Amino acid sequence: MARMNMIEAIRSALDVKLSQDPDVLIFGEDVGYFGGVFRCTAGLQEKHGLTRVFDTPISEGGIIGAAVGMAAYGLRPVVEIQFSDYIYPGYDQICSEAARLRYRSAGQFTAPLTIRTPVGGGIHGGQTHSQSPEALFTHIAGLKTIIPSNPYDAKGLLIKAIEDNDPVLFLEPKRLYNGLFDGDHNKPAVSWAGHELGEVPEGHYTVNFEKARLLEQGTDLTIIAYGTMVWVAQAAAKAAGINADILDLRSLIPLDLESITKSVNKTGRCLVLHEATRTSGFGAELIAEIQQHCFYALEAPIVRVTGWDTPYPHALEWEYFPGIERVQTAIQTIMEA
Amino acid sequence: MTSKQNRSKLFVPEPPYRPGDTPDFSHIKIPAEHSPSRPDPMIDAYGTQEQATGLIRVLKLDGTPCGDWDPKLDADTLREGLRHMMLTRCVDERMFSMQRQGKMSFYMKSTGEEAIAVASAMALRPTDMVFPTYRQQGILMARGWPLKELMCQCLSNAGDKLEGRSIPVLYSVRELGFFSISGNLGTQMIQAAGWGMACAYKGTDDIAVAFTGEGATAEGDFYYALNFASTYRAPVILNVVNNQWAISSFQGIAAGQSKSFAARGLAFGLASLRVDGNDFLAVYAAIKWATERARNGGGATVIEHFTYRKEGHSTSDDPTKYRPKSEPDVWPFGDPIDRLASHLVTLGEWDKERHDALHTELTAQVRESYKEAEALGTLASPSKIDPASMFEEVFEDLPAHLRRQRQEMGI
């Protein structure tokens, strides 16, 4: 075991796969010599060579399109899109090509590529470095969407993603890279070094997509979250003084609906959180499933706390971010209903 | 009063002729004897300027060869090329009329463009992966795909190996080096660059070969491909089939003021050739040149095949609604099948009797294959495709949410 923050855990996953499998290639903007703007690939080119880890033109459509061709050939490209806000030029290649190739060719061609990209706000990134576009991808048949909340899961899920034979979008909550962030921006992020989920095996291991992590167990309420919002949920539940089941989804597609319904049927109350904008967000999908499967167990309307339906504002970042206070208020509303 | 300083006017290009006009292409100078010369395939990319802006030709319209691009193919190979082209046209005719009879939803002919697909396939190795558009069915003829399988795909019937998932002509035949055709245009250009990069990374001898129409060169994917192919020296051939028409939009809509699609390659430092696409020998020679360059580590070549789409874009459009009815007949570059046949005649290796006999043989072959294919159903007959197959191969394994949806369907 080693102590790793999320950047180190991701780098370790990449290092393990580069060492194990000569068909794994890593490319993206600034990922080579420099090691990536968030340092996730630092040192990997030096260790594994120029043709294994290399820089690309500023061309997200080109990066993903080339990766589709390589993956169809039989390689396992792992590409980095520097910020998820930049992914849209590659959207056609993801939705119409990578996600469809197996289906339309009846299995003759597949696209086992992994697309890593940082998501979420809280780093003064403004409209173009803060988005959480997961719902634009969970709507696409044939694509898996993964989002870890801690170093241990990040490494195990990323190795799993690279080994998966389907295209995987791997979203990295950038506010968690260097430490646990619970939504209170007035205090410094808590180092992963002191957290049990910052204990990461150095070698190979995987975390399955099919199972959500039950972070906290309680009987009052079920809080469903992923990425950064998992830690906001934990802090808000503590502040509200309630015992909640906190489910960290880890994977949006495939979704562990069984754990969700089991918990909500037990608690009878449910809060859904995400940082992304509200309308047509992934929360809507979760709530639709929960009301269908848990309707008779529900004792209160399901509530969602999300980012507002606005672009991510630069100066008003913390008014936008669904922080502890808003989550705590929602908890009280549900508990009093 | 201030005088107007900006003299710009919004300019929207229009084709020279529309329905009702009498098309006249006498202004197009057909270089009867002249073709840009054949340089060494490892020439510096910028040395191909004349080849990128002129028109590489071998066959004069009377069937006699000229210039140094003549690949000097033996008569058997030439006859094989002729057979594949004629078969392609035969299949197109049959499928078009079957679509008109309601047996399938859609079809796309490649009439007038057969040389591009067939000569390319014959100049390549069978292991070179082609990333085709919907108008390179000639590759499948040249690589020997059983006609019945092609027809079953178009009929979306029980014999369709793609399980009726795609509209007709969006074939996928991995074992013949034929990549799954996307309905989204241009996307496969950059994928081919990626495939070529993978070939180079793995150190194999194979290359990738992509096709796009001139219309879809306007997509970003085309420029991604040029950029990546140039940056990583990918062994890939990027073909632009300039058949003058993108559904109803003439080539000037994509070309702008540019006179050559091939010349776009030069801007990226790629060797570039502009070829008479109705000239079987010129296409063959150009592709061979590009394969030599790619396999020798010289990287990618951009090839514009200058041709003409003789029929509608697909069964869904009527070309007389946007261009003169007579335009295909007066297009001055002739017909690729006639031109190769005349060449064989001038060599004393072909005659009208053999030509007619071959046509009769191929027509019978197509008729027989179609009968066999239709016996497995048409789109109009009740589908024999298992509805449960709809949920398969979305992912490698069936995830829980798709299992629930399949159960919801009652299967």
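Visitor: In which direction does β6(B) run relative to strand β7 of chain B, parallel or antiparallel, and how many bridges join them?

Guide: Strands of a sheet pair through backbone hydrogen bonds, in either a parallel or an antiparallel manner. In this predicted model, β6(B) and β7 (residues 301-306) of chain B run parallel and are joined by 6 bridges. Asp276(B) stands opposite Phe306(B) in β7(B).

Visitor: What is the strand order of the sheet in chain B?

Guide: The order is β1-β2-β3-β7-β6 in an open sheet of 5 strands, with parallel pairing. β1 (129-131) and β6 (271-276) of chain B are the edge strands, each pairing on one side only. On average, neighbouring strands of this sheet are turned by 20° against each other, direction ignored.

Visitor: Which strands of chain B does helix α6 lie across, and at about what angle does the helix run to β2(B)?

Guide: Helix α6 (residues 187-202) of chain B lies across β1, β2 (208-213) and β3 (236-242) of chain B. The helix runs at about 170° to β2(B).

Visitor: Turning to the two chains, how many residues of chain A are in contact with chain B?

Guide: On the chain A side 35 residues are in contact with 34 residues of chain B. Helices α3 (60-73), α4 (91-98) and α5 (101-104) of chain A each supply at least two residues of the side that touches chain B. Of the contributions to this side of chain A, that of α3(A) is the most, with 10 residues.

Visitor: How many nonpolar, polar and charged residues has the side of chain A that touches chain B?

Guide: By class, that side of chain A has 17 nonpolar, 13 polar and 5 charged residues.

Technical notes. Residues are numbered from 1 along each chain as its sequence is written. Chains are lettered from A and ligands numbered from 1 in the order in which they are written. This is a predicted model: local features need pLDDT of at least 70, side-chain atom pairs count only at pLDDT 80 or more; totals for chains, interfaces and linings use all residues. Two strands pair if DSSP finds at least two bridges between them. Helices (H or I, at least four residues) and strands (E, at least two) are DSSP runs, numbered from the N terminus. Axes are lines fitted to C-alpha atoms, for helices over the stretch in contact, and angles run from 0 to 180 degrees between N-to-C directions. Two residues are in contact if their C-beta atoms, placed from the backbone, lie within 7 Å. Ala, Val, Leu, Ile, Met, Phe, Trp, Tyr, Cys and Pro count as nonpolar, Asp, Glu, Lys and Arg as charged, and the others, Gly among them, as polar.
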